[in-house]
Structure formats: structure tokens, C-alpha cells
Amino acid sequence: MAYVDGFVLAVPTASRESYQKFAEDACAIFRKYGALKVVECWGDDVPDGELTSFPLAVKCGGDETVVFSWLVWPSRAERDKGNKKAMADPRMQNMKEMPFDGKRMIFGGFETIVDL
């Protein structure tokens, strides 16, 4: 089954267009190196929680929006190879200035167990 990289981050709401451009550029690179699908979602209905929530997890400020995204790869091995190539790509190297605080980004790789 497929392997999925997932991300949650807080992006300054005023930087939506900058983030979208950044994401589109990064998506093209990951697709070149084997990602089957890349999805970027701008928070629209993301409530604060009492104990935990997307906004709490990324310490989302009042002037920020939660972004949820994922990449689908054929396998973990393909993800590992593709990520290595993507990070070495000169286009990725030129994208050093991210339109969000990368220190608050949550990310992880997940083995698919159900795909209907």
C-alpha cells in the first residue's frame, strides 16, 4: 500500500498567496521525484480545542491559519529516495525562505492500513 507524509503548520493568514506559490513549487519537485499526489489544504473550519487541536498543536496565532497537507508515495522506500532527491534539487535549495515558521510544523510518515 501507499506511504503518506503528513504535515500540519501555521501560516500567517496575510501570506496565503505566498504560501500557495511556495507549495505549488515544492509540489512540482516532489512529483518529479515520485510523489503520486500532493494535497495542500487551507484551514476553513478548524476549531480550538481544550486539550488538543490543530491550532494548539502548532501554536497558531490569531493572525495565522492552520494548513494541513499530505504527500502520497508508492512506498516508504520510494518516499525515502524521492525525499533525498527533492532535498538535493537546486530548486528546493533556492526555496530557503519559507512563508511560515518551520519550527512549529508537525510532520510524519505513515504506512497506509486502510484505503477505500
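Asp 89 sits in the loop between helix H3 (76–88) and helix H4 (90–93); helices (H or I, at least four residues) and strands (E, at least two) are DSSP runs, numbered from the N terminus. This is a predicted model, in which local features need pLDDT of at least 70, side-chain atom pairs count only at pLDDT 80 or more, and totals for chains, interfaces and linings use all residues. Residues are numbered from 1 along each chain as its sequence is written, and side-chain values use heavy atoms, leaving out hydrogens and water.

Leaving aside residues up to four places away in sequence, Asp 89 touches Ile 29, Lys 32 and Tyr 33, where contact means heavy atoms within 4.5 Å. Asp 89 and Tyr 33 lie 56 residues apart along the chain, yet their C-alpha atoms are separated by 9.7 Å.

Val 114, in the segment after strand S4 (106–111), makes a handy contrast. Buried means under 20% relative accessible area, exposed over 50% and partly exposed in between (1.4 Å probe, protein chains only).

| Residue | Relative accessible area | Class |
|---|---|---|
| Asp 89 | 4% | buried |
| Val 114 | 59% | exposed |

Now for the largest pocket, with its volume of about 560 Å³. A pocket is an open set of points on a 1 Å grid over the protein atoms alone, with protein on both sides within 12 Å along at least five of seven lines; lining residues have an atom within 4 Å of a point. Its volume is the space filled by probe spheres set on the points, which are joined across faces, edges and corners. The lining has 25 residues, and Phe 7, Phe 22, Phe 30, Met 87 and Met 105 are the closest to the centre. Strands S1 (3–12), S2 (37–42), S3 (64–73) and S4, along with helices H1 (16–32) and H3, each give two or more residues to this lining. H1 gives the most, with 6 residues.

Technical notes. 1 Å grid on protein atoms, 1.4 Å probe; cavity = no way out; pocket = protein on both sides within 12 Å on 5 of 7 lines; lining within 4 Å.
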